[in-house]
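Student: I would like to learn how to read a model like this one with some care. Could we go through it feature by feature?

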Amino acid sequence: MSIRDLPEELDDEGYKEKHRRFVLNPQNSWLRYYDDKLAKGGNKAVKAVFFFACFFLAYLLVQSAHQSDCSYQSGCKNRSSVTDFTYGTILAGRNSDKAYNDLDLIRYNSVENSPDSNIRGLRVCIFTAEFGGIFPSGGIGYVLAELANLLASQKAYVTVAYLGSGKLDETLAKDLRERGVLFIKLPEPDIEVAPNHISLVGSYKALLYLRDKHNHFDIIHFNDYLGHAIYPLFAKRQGWLLEKTTVVVTLHGTTMWSRLANKQFPQTLDDISVNWIEREAISAADVIWAPSKFIATSLISEGVILPENVVILKNAPPTLEHINSKHEESFDGKTKRNMPFTNEIVFFGRLEMRKGPLLLIDALVALSKKHPTILKHIKISFLGRDTPVDKWHPSYKEKIRQDFLSSKHLMNLNLSFLDNFDREQAISYISNPHRLIIIPSMTENLPGTVYESIEFGANFIAADVGGIKEMIHPDDSDRCLFKPLPLNLATKLYDKISETYKDFKPVRHSETPTSIRSDIIAFHKQIHQPSSQYQSPSQFFLRRSSKFNPKITICLTHYNRPEGLLAVLKKWKNQDYRNYDVIVVDDESSQEVQNKLDKLVMPFMRKSGWTLLRVKHGYLGAARNRCVEAATQDTDFFFFTDDDDFVSNNALQSLADVAHHARADIVSAFYHLFRASTLEEAVAKKTESVWMFSGGSPAMGTLSNPFGGTLMLVSVTAFQKIGGFSEFDTVGCEDWEFYMRATAKGLRVEVVPNPDLLYIQKKEVSMSTTMDLKLCSYRAMSPVLSRYPPLADTFLMLRGLVDSVAEKNDEELQWSSRRYIGRQTSNGWEYGYCAHDLGKKVTFSNCHFQHLPDYNKDEARYEMNSLTGTSWPFVGRFGMHPSVSILDDSDKSITVLRRFKSNIVGDMKLKLSIHHGMPCGDGVLAQLYFGSTMLWGPMHVLPNSDPLEWTSNKFKIQPEDSILLMISPLSNDGCDSILVELDLYAEEELYY
């Protein structure tokens, strides 16, 4: 079975090799594989519909669970909402005044701005992956930079905990220190974590930092985007962190909200994962800060459950003092100069569908048709960062250029792209009133482009969508807003182009920037002194009156591991928690093992007062059910575990406390994977990995297991509602199906984001390496399908289409326990670079490996600031972009690396396909190594040529062996955009 490499986050310090790839886990390797196969083209519709069907079925499941009990979401009350997932009606609903009728569904908290709104000494931490002045950063980063500076100006102690990959410029760092803002770039975890999705890794980094700074902060800010608040909020509602801290989540716009506005349905597991993570973080927050009424109501209409405390409060507006002094003079009095006509039309915004560049193009065509000469002397500029159109078209700028060249009405216009301006340059550019600024967005929250256009006196018009009208003085809205339709924009353009100096009048804010800043300060003062109005959702969980010391029965399954079982049982004697019993269920081990059990294990169990239950072989589900049947009547919870798993001494007490505080029916936790014979050795090493879970998303649950592992604490009432484990023999994934059935019943599954409780041994042969993942995934889907039988056939048909397409495209695809390299968990594909003199041979001493942000769902571009200056290496799931850059005042060649470090033994083959994706440039040099032996190359990959394809002979691979693909630029990097598919697959059974 082939594997694909998935980018990871950028390493913090010197691009060290302290993290290796987590590739495909046992729960979702089939999905990753499908996603890559279908991404080759021609089957996008099938894939998109399949993922959307998963999402829709899961939504129905959650809604049915919520109808009578909203305990599934933290602290919510029973309320109705209508969810609309269709693109057209979403925009119609978002941009309609009717959307605001949903405000009665949320609790709108006003801000009391009083003279004593003093926040001196308030301890505030802002967690963010974007921050103004650090590349890459968008509107969110600049909003948070303004917030940090505003709070620091009021003598609050402000810490910015940076979760992104950029590097802080020393000038900016000094400026922040002088303003009283402490900037900290959070380090990567000191042990590998998986899944390595940017949302989960960032949230885990935040959790580790807050655990070290326990109750150090009064207020913590997170963004809804990427859901980095998820693990700290889990810990807060579980009662073991942040009990004295108010957590604020600001609604900038979720990933799904943005994707739908860009006409993009979910296409990968990550898309569905981040959607759940963001929604759950919003629901669990103490306070929601909504910059516009629009964003709050639109999220409600899309099924997001908001907590009790929602404040509608605009973002901190931009300030002149953050603009370089050399531009200040140009901001003053420009409108006093003679302005005979508009000489330039400037699109202002990121180049993506949601921002409306195609709407502007359609409007320009309509305007040119009616007035053929009106644009003859007017320059057309697009001011904003470029983004990919899709996986096959990496540049929206190029799409716009082609649209102009292919239109007889636009092909002769003076077209330019300003996609490398920083914020200061952009504001300086738009402030010239001879330039007509166009903001033709299809939907928006509270866009910084409008804020900046108003604040700096730009001559602008904007689409009347989203929260834009909330930003503009009511008396000015008619003359600067237009409906987002081509003819309406064309009419507005004609009117604005026809204006003269005497017609120009700056647009005003709906609220003065001073009043907004005062409200923000008052807001922080208010939530720092919480009343009944601001009651944390976690306080609701503390009201439960059940006992803290429930009777727990440990159900420990065993099969043919008597020595390991004895070691595990001895560790159970060290539990801090005392009110528990142990039942060992032997699933018909061999007679030799039965003899060892009698000799080695039974004396210890008799002395401990524990029970050994010998049953006829029925596999794990049956063994666990027999344990429940044998438990005493006073049992309150069951803890399910196996004979190769250890738990820390405080595990039972910690899990019981979480069940109490969070009113959980089932409690799972992160766990350590380790190779050791004792718990002490595992704890001392901690060198393998930590496996993380994101919580109970049924949408994800139809595709992978986001809930937890085999080790789980289950209440007796929850077990009875679920009906126990199903008893299929040799299929596996009992735990995954069990979690899905719990979700279908509306039960609360709580994940403890603490990796120091549970330890699972990593073995060469285990169920995870022998189970059939296809049967496994069908088994997990069955609870959803059984609740909606009329949809089951449709859903299974779509799954069948995906299966058949994947199998047709790759004859090596098999579902047996053989040929699985994709399941490896502690090593895998990495990215790296070598910086060397242009034209000189690469020396490996100059090579470094790093982990790149996991934005592969969009195949976005990333700039390695410290490596390549202003160049753009293109690194996605398939693509690499070598470059030529100025480093140390000389031309350097940046060779891009893709490396696989093995943790397996077996006979392997490699398949390589490499293609230069552009018709220009001088091509690249590619070579492939196995260790120090060159397998293929060096080959000159020419532009506009057929893909080069190569398949290796069979070769033996051992742990720590490496496979390395190197791609270097030649004399220049112009047009270098390289598509790479590199598959490693097995010829026979592998051992881990």
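Student: Is Glu511 buried, partly exposed or exposed?

Tutor: Buried means under 20% relative accessible area, exposed means over 50%, and partly exposed lies in between, with a 1.4 Å probe and protein chains only. Glu511 has a relative accessible area of 30%, so Glu511 is partly exposed. Please keep in mind that this is a predicted model, in which local features need pLDDT of at least 70 and side-chain atom pairs count only at pLDDT 80 or more, while totals for chains, interfaces and linings use all residues. Residues are numbered from 1 along each chain as its sequence is written, and side-chain values use heavy atoms, with hydrogens and water left out.

Student: Which residue does Glu511 meet in a salt bridge?

Tutor: Side chains of opposite charge can pair when their charged atoms come close. A salt bridge here is a side-chain nitrogen of Lys or Arg within 4 Å of a carboxyl oxygen of Asp or Glu. Glu511 meets Lys314, at 2.8 Å from N to O, and the two residues are 197 apart in the chain. Lys314 is buried, with a relative accessible area of 10%.

Student: Which elements hold Glu344 and Arg435?

Tutor: Helices (H or I, at least four residues) and strands (E, at least two) are DSSP runs, numbered from the N terminus. The side chains of Glu344 and Arg435 form a salt bridge of 2.8 Å, N to O; Glu344 lies in strand β9 and Arg435 in strand β12, so the pair ties together parts that are 91 residues apart in sequence. Both of these residues are buried.

Student: Why is helix α15 described as largely enclosed?

Tutor: Six of the eight residues of α15 (residues 448-455) are buried, so the rest of the structure largely encloses this helix. Among them are Tyr451 and Glu452, and the buried residues of α15 pack against elements including β9, α14 and β12. Just after α15, Gly457 takes a positive phi of about 65°.

Student: Which residues touch the most other members of the largest nonpolar core?

Tutor: A nonpolar core is a set of buried Ala, Val, Leu, Ile, Met, Phe, Trp, Tyr and Cys residues joined through side-chain atoms within 4.5 Å. The largest one has 101 residues, and those touching the most other members are Phe127, Ile552, Leu569, Trp572 and Phe639. Apart from this core lies another, of 89 residues, including Ile134 and Tyr396.

Notes. Contact means heavy atoms within 4.5 Å.
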